[in-house]
Amino acid sequence: MRIQVLKTLGQGRQYMKTWPMVRQLSFYFPEYRVIRATQIALPVMPILALLAAASQLYIHGWEFLPQAITLALFFISLPIQGLLWLGWRSRHPLPLTLLEWCDKLTTKMIAMGISCRPLGPKACYFDMALILKAAFERLDEQYWEEL
């Protein structure tokens, strides 16, 4: 179980790096908002956890140490929750509508001479992220305006 959680965290970090951070996709996929929140939370939450625990101890004294530790652990867990969700989502299979849309996108890219691998029947969100990243790097803006 412990190794599986660490593997999911690693997959979430990889998915976060792979997903194209383009505002047009934020209307259709929650990844944009989750990745943005996780990127902000990774450096900020440990500092907030320390400040929250220190303020609890300063105001209420050492008898509130368990509550201060609990509050600090809550703040530290927020970016971890984002990474876990991203790791879970990256392995989640694509619905048929998205699979069809990605197939259209790959055929358009192949027709333009861009090499990309077509998705199989067991494609997941990470596979879609790879295709979207390549598409946003190589396709023109007019295609994404039509979205």
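A: Helices themselves are DSSP runs of H or I with at least four residues, numbered from the N terminus. Keep in mind that this is a predicted model, where local features need pLDDT of at least 70 and side-chain atom pairs count only at pLDDT 80 or more, while totals for chains, interfaces and linings use all residues. Residues are numbered from 1 along each chain as its sequence is written, and side-chain values use heavy atoms, with hydrogens and water left out.

Now for the pair formed by helix 2 and helix 3 (residues 65–91): their axes come within 8 Å and cross at roughly 170°. Helix 2 and helix 3 are therefore roughly antiparallel (the word for angles over 145 degrees). Their contact, meaning heavy atoms within 4.5 Å, involves 21 nonpolar, three polar and two charged residues. Here Ala, Val, Leu, Ile, Met, Phe, Trp, Tyr, Cys and Pro count as nonpolar, Asp, Glu, Lys and Arg as charged, and the others, Gly among them, as polar.

The UniProt record, an unreviewed entry, has the annotation "transmembrane region" for residues 40–59 and 65–86; such annotations may be inferred rather than shown by experiment. In the model, residues 40–59 are 100% helix, with end C-alpha atoms 28 Å apart. Residues 65–86 are also 100% helix, and there the end C-alpha atoms lie 32 Å apart.

What about helix 1? The axes of helix 1 (residues 2–18) and helix 2 (residues 31–60) come within 10 Å and cross at roughly 110°. That makes the two roughly perpendicular (65 to 115 degrees). On the helix 1 side, the contact is made by Arg13, Tyr15 and Met16, and on the helix 2 side by Glu31, Ile35, Thr38, Gln39 and Leu42. By type, the residues of this contact split into four nonpolar, two polar and two charged.

One more residue of helix 1 is worth a stop: Gln11. With 22% relative accessibility, Gln11 counts as partly exposed, the class between buried (under 20%) and exposed (over 50%), using a 1.4 Å probe and protein chains only. Setting aside neighbours within four places in sequence, Gln11 touches Gly87, Ser90 and Arg91. Gln11 and Leu84 are 73 residues apart along the chain, yet their C-alpha atoms are separated by 8.4 Å.

Conventions:
Axes fitted to C-alpha atoms, helices over the stretch in contact; angles between N-to-C directions. Parallel < 35°, antiparallel > 145°, perpendicular 65-115°, else oblique.
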